[in-house]
Amino acid sequence: MTDTLDTRTLDEASPFTGGIVGQARLRKEDPALLTGESRFIDDLVLPGALWIACVRSPHAHARITSIDSSAALAADGVVAVYSGADLEGDWAGPLPCAWPVTDDMKNPAHLPVAVGKANYAGDIVAVVVASSRYAAADGVEGVVVDYEPLEAVVDIEDAASDRVVIHEDCGTNVSYDWALVPDPDAVDAAFADAVHHVTETYVHQRLIPAPMEPRGVAAVPSPHNGDMVLYSSTQIPHVLKVMAALTLGMPEQKLRVIAPSVGGGFGCKLNVYAEELICMALANRHGGAVRWTESRTEAATSTIQGRAQRQTIELAADADGKLTAVRATLLADMGAYLQLVAPGVPLLGAFLYHGLYDVPAYAFTCRSVFTNLTPTDAYRGAGRPEATYAIERAMDALAIAVGVGPDEIRSRNFIPTEKFPYDSPAGLIFDSGNYQPTLDRAKELVDWDGRRAEQAERRAAGSTTQLGLGISSYVEMCGLAPSRTLAALNYGAGGWESATVRILPTCKVQVVTGSTPHGQGHETSWSMIVADQLGVDPDDVEVLHSDTAISPLGMDTYGSRSLSVGGTALWMATEKVIDKARTIAAHMMEASAEDLEFSGGVFSVKGSPDREVPLAGVAFGAFTAHDLPDGMEPNLEAQVTWDPGNFVFPFGTHIAVVEVDEETGAVELVDYAAVDDCGNQINPMIVEGQLHGGIVQGVAQALWEEAIYDEDGQLRAANLADYLVPSAAECIDMKLDHTVTPSTSNPMGVKGIGEAGTIASTPAVMNAVVDALRPHGITDIVMPASPMRVRRAIEMAGGGAS
Amino acid sequence: MIPAAVDYLRVESAEAAVAALGEHGDEAKLLAGGQSLIPLMRLRLATPTVLVDVGRATGLSGISVGGDTVSIGALTTHSSLEHSAELAAACPLLAHVASVVGDPAVRHRGTLGGSLAHADPASDLPAAVLALGGTLVVSGPGGSREIAATDFFTGFLESDLAADEVLTEVRVPVSTGGWSYQKFNRRAQDWAIVGAMVAEGGAGVALVNMASTPIRASSVEAALAGGASAADAAAGAADSTEPPTDNQADGPYRQHLARVLTRRALEAAGA
């Protein structure tokens, strides 16, 4: 699938000398996943568990006037039916929103089961408890709910007008206004003096995350001692534990959360959901296990959706096209309620609307509103794809205005390498970067000049199949995040991560990580890091995770943070273990610790190669504790909680080449190159895998995916026949390459790569589509660039005989 | 995604299926490959109380070529059609069309008879049999009868098949003249937004998803018979059609696609 054109994945100064990090090792996780041995939530066998099914509002906005559950209660297997009012006393608080971005942010109470009013189609209005999943589903059909439908607010501009106010107690549909304008006068002055002033408006459609495994929950109580185990298909067992305990008013130490194998999340499992709390509350009420598995339709309507923003971006530039200011204005759709981190999603992009360009003046403002649609929240990239899209599309518009190529306009504006660490106009410090080589290499990979010539030939020949080339250069901020920075943004938690490294008596290694994998391959990468440091076999390193009883400290997995934060904690814990082992080894060899070197799993005395002791000997000695230095604790174990001092800033350039069939409007991706820099790479195969999936997910926003709602707020793409997630058949071979510019934010020199593909690819494809259509005078196509939209744009421009 | 309770009855022959359908009336649905019925049941859009599973009945699958006719058992899977050398030689259009239905999993389970009986205007195979001028053989309480494909499709998901009849065989003429199927969709696995099918150098032209049933583009056939060029004939492909509107296409766009795809199909078929 991939041409890997550069095999150097570590900087010469990387701390990895064990020969394991940097290898494209097959993933430890895959045999179990591929053979069905891995256990997902729905595979759990829980004898006697009750099942719930949710009665969901078919209306986007309606008063609930009555609920009659008599027919359901008479059905075989139905144990109970609860309305929102029945359960209102079970909640110590509403569903949590952990990111009140402003002090006066409007946050309407979001109860797990709605009381009085449903605010989106899919809002839970009653819950059926039954002896089986089938009986619960049958029971739903027996619950008769009378509604008084209200006018639905679907469009975000309409929402902002407050023509219909959704949450009466808020008095407005505007949740908050947030601004980042360090120097307003400088921005105004730059626009006043601008030779070129580009104003562009773009729409980010709603996207459905659609992981392969939908959500699922099982709450298993121990009624006599008050314990509960909550199994959930979640990215965040640790965060969920705190939030669920608070929301239910349950002592936190009595709650254990386990995420079994999790089949993808893309951000949608970074949340605290109604069904989790409902299962817990009903497990308490019924004194036994209560479970729920999401249907694909529910995954579409009732799991968070992503994007849903309207943006205006303005660029000011001098005569040469050198940027002098960027001003971005955002209108963001929160949906019906604020989910866990939804208000913060625009903020994660707020700092990046100038992209990787050296811009002196900067302004960002955002207004977020409620609509009668499914709540939105973080979806792969969360804020950064939107920011990158705006600046990268606008840079192409600027290139046209200036009269230079899209490559040239970027080269003129890249932050110069000598300016790193770079003080960004938005107030960040970019750790490291060297942007031009990624553009040069990507152009080479797609034969930029050759393709340009081919494009000109096709245009001259009047071909109905036109070529388009699109560049997207990006930088993103990830590795969420320094706790103090999060505090400045009003986030309700820190951004640290925890790791424990434990060398067992037989010199096998146990690693406990607070970073919770859901497809990223943590077990493989983590074992490679530790094996490289300790000089052991990666197969001798076991990685434990995703269970708050085994791994009590953690902040989980999102925001491309696992490696740069959780991996760094692990690296530091391993260093700590080595330090202790060194002291013991020195004691064993009657040498000074400073005189020892550690290489290949063996401590030896510098200059006396015959005096050595293997790590295995130290491990066993630490276990028996027969002869340890005075005052030293037995065993080799260390725990580190790492709170990074800065984000990491991966970057790169992607180029898409598309063919547009002008007769049908069909867009086909014909070539794709991605040159990314995520610093030192632990396992380049995993890096490539993240890029493959991420790129396709971003291409999908450009070409296929859209959560289409009608004017009544009904989702018209609630299954995988109507919601177009691309399959392998739609993918092409991608040309991947990389450069290696280590981060200075952590000792491993690593950056994140989980979201980069999604961040970069959408604007590359859309720039290519618009490039192909430019002879028609077309400057934008609403995403996704469906054949009908493209064809209609050509017809509106007066081109193409019907 | 959780279907309602349903009784399941497996039958070993077409005759037994006819008897079971007669006994259970409208409450029963015939199950073959299940690629259309099961998803509808999981969404509770179909709620039969009895499923009559004909999937393992004997004598209802296989491809045989005799003289000018290809006879195909109703239970023959799309995959079997796709990979049959005999069919590829005798009726390459049908073999090709079978190869672009859904995805490999669908093609291994789905059957020709099931696809025709489901009568989905967006499906590929009904239009292929229509373009080829095929004949459908059905068994009922009174014995068997033959229905011309042109008379079989009566409405959206409706056919001339009675509730107690079972489709047993499909016959198409041996057809090795120029052919093409232009299927336009967003993803390989999807139904056609519009499809244009040309058989026998233009003698048969059929359209997918341009009406409530698969339709013959008779004005195109007539224009070609009258000596019109492919481009001129295709210009009339959408005449008097009333295509549906959905997320992917409205009526005027479907009509535009029908013209473009029909022209391409005719050109590819050498018409």
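In chain A, 7 strands make up an open sheet of mixed pairing, ordered β4-β6-β2-β13-β10-β11-β12. Strands here are DSSP runs of E with at least two residues, helices are runs of H or I with at least four, and both are numbered from the N terminus; two strands pair if DSSP finds at least two bridges between them. Keep in mind that this is a predicted model: local features need pLDDT of at least 70, side-chain atom pairs count only at pLDDT 80 or more, and totals for chains, interfaces and linings use all residues. Residues are numbered from 1 along each chain as its sequence is written, while chains are lettered from A and ligands numbered from 1 in the order in which they are written.

- β2 (residues 50-56) and β6 (residues 124-130) of chain A run antiparallel and are joined by 6 bridges.
- Within β6(A), A:Val128 is the residue opposite A:Ala53.

**A helix across it**
- α4(A) lies across β2, β4 and β6 of chain A, at about 25° to β2(A) (angles run from 0 to 180 degrees between N-to-C directions, with axes fitted to C-alpha atoms, for helices over the stretch in contact).

**Facing chain B**
- 23 residues of chain A are in contact with 15 residues of chain B (C-beta atoms, placed from the backbone, within 7 Å).
- α4 (133-141), α9 (296-301) and α21 (787-796) of chain A each supply at least two residues of that side.
- α4(A) gives the most, with 4 residues.

Technical notes
Two residues are in contact if their C-beta atoms, placed from the backbone, lie within 7 Å.
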